[in-house]
Amino acid sequence: MCNPACFIFTVWLIALLVYPGVPARSGESYLKDNITVRQGDSAVLKCNVDNKVSRVAWLNRTTILFTGNEKWSLDPRVVLLNTALTEYSIKIINVNLYDEGPYVCSILTNKKPESTKVHLIVQVPARIVNISADVSVNEGSNVSLMCLAIGRPEPSILWKFRSSKSEGKGIRIITEGEYVEMTGITKDMSGLYDCITSNDISPPDVRTVQVTVNYPPVISRARSTGTAVGQKGILWCEASAVPLADFQWYKGERRLLNGLNGVKIENKGKQSMLTFFNVSEEDYGNYTCVAMNTLGITNTSIILYGPGAIHDVNSAALSPTSSFLLLTLVLTLSVLSKF
């Protein structure tokens, strides 16, 4: 049976739950420092007592957790610690956001109630919850990337760019915030975009968007070659393009085919090689390397010449040739090949 002191203490506990401001008239209240804990960790709430204390309890904003050694809370994560006689402490395991808020340690000493308040603050590591999918666009398009993150405190968001070209500028910071806006995108902007979010609670969360920029072929390297009759001669050209370029070779207006007339055409990635296994006088002359993809077509002239000819081996023209008939022929053959 509850004695008068027990009754007073019980009424006091109920008053604390219903009217959080009641200690101002009924007893003394002390505010302790906030306790900050990371989500998923454990929080220990301490309350100092002495031998004059007859009753003691822990409450949160809605529930009586413990009175003495008796547990009222149904939450298995809340436990009473076996501490010293001068300390009445509880432990909350695997703290979550809904645990945040005020906690009250209420004690009864000399029939006079007192309370100590503490505020539990739960910090949440930064985490990316939504990010743009990988994107493939044509050069000149506008691109918008999005990265949304949550956390407490509110996390910062930083974007870094990693060029897809080994000779590029490497990694560089491009902007802060949730969005990246790119107007008139160029092929140099193709690569990996890292969204990095952090609030100093845990290591940064990083996710990546790959941006592929499609563009028509650009012949970047070509080389004329001097080869003696009867020897092996190789002409080659290189074209950058996304998607990769298809190559064709011409002598004049005549298209060369792989394996015919003693020539071999070998395409590897960005490069195409035209090989003559046994060069004859008839093989000398001007050749055209044509590179094409779905976005465009370009070509360059390359010369196979004899050892007695005066020619700069590095002077292959990289600008498109002006042969309208050749380009018309290539486009016509490309269309017919689809039927």
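1. At 35% relative accessibility, R152 is partly exposed (buried means under 20% relative accessible area, exposed over 50%, and partly exposed in between, with a 1.4 Å probe and protein chains only). Its salt-bridge partner is E100, and the closest N and O atoms of the two are 2.6 Å apart. A salt bridge here is a side-chain nitrogen of Lys or Arg within 4 Å of a carboxyl oxygen of Asp or Glu. Strands (E, at least two residues) are DSSP runs numbered from the N terminus. E100 is buried, at 17% relative accessible area.

2. This is a predicted model, in which local features need pLDDT of at least 70 and side-chain atom pairs count only at pLDDT 80 or more, while totals for chains, interfaces and linings use all residues. Residues are numbered from 1 along each chain as its sequence is written, and side-chain values use heavy atoms, with hydrogens and water left out.

3. R162 and D194 form a salt bridge at 2.8 Å, N to O. Because R162 belongs to strand 13 (residues 156-163) and D194 to strand 16 (residues 191-198), the pair ties together parts 32 residues apart in sequence. R162 is partly exposed at 28%, whereas D194 is buried at 9%.

4. The side chains of E266 and K268 also meet in a salt bridge, at 3.4 Å from N to O. E266 is partly exposed, with 25% relative accessible area; K268 is exposed, with 55%.

5. D75, R77 and D99 are joined in a network of salt bridges. The count of salt bridges comes to 7.

Terms used: Helices (H or I, at least four residues) and strands (E, at least two) are DSSP runs, numbered from the N terminus.
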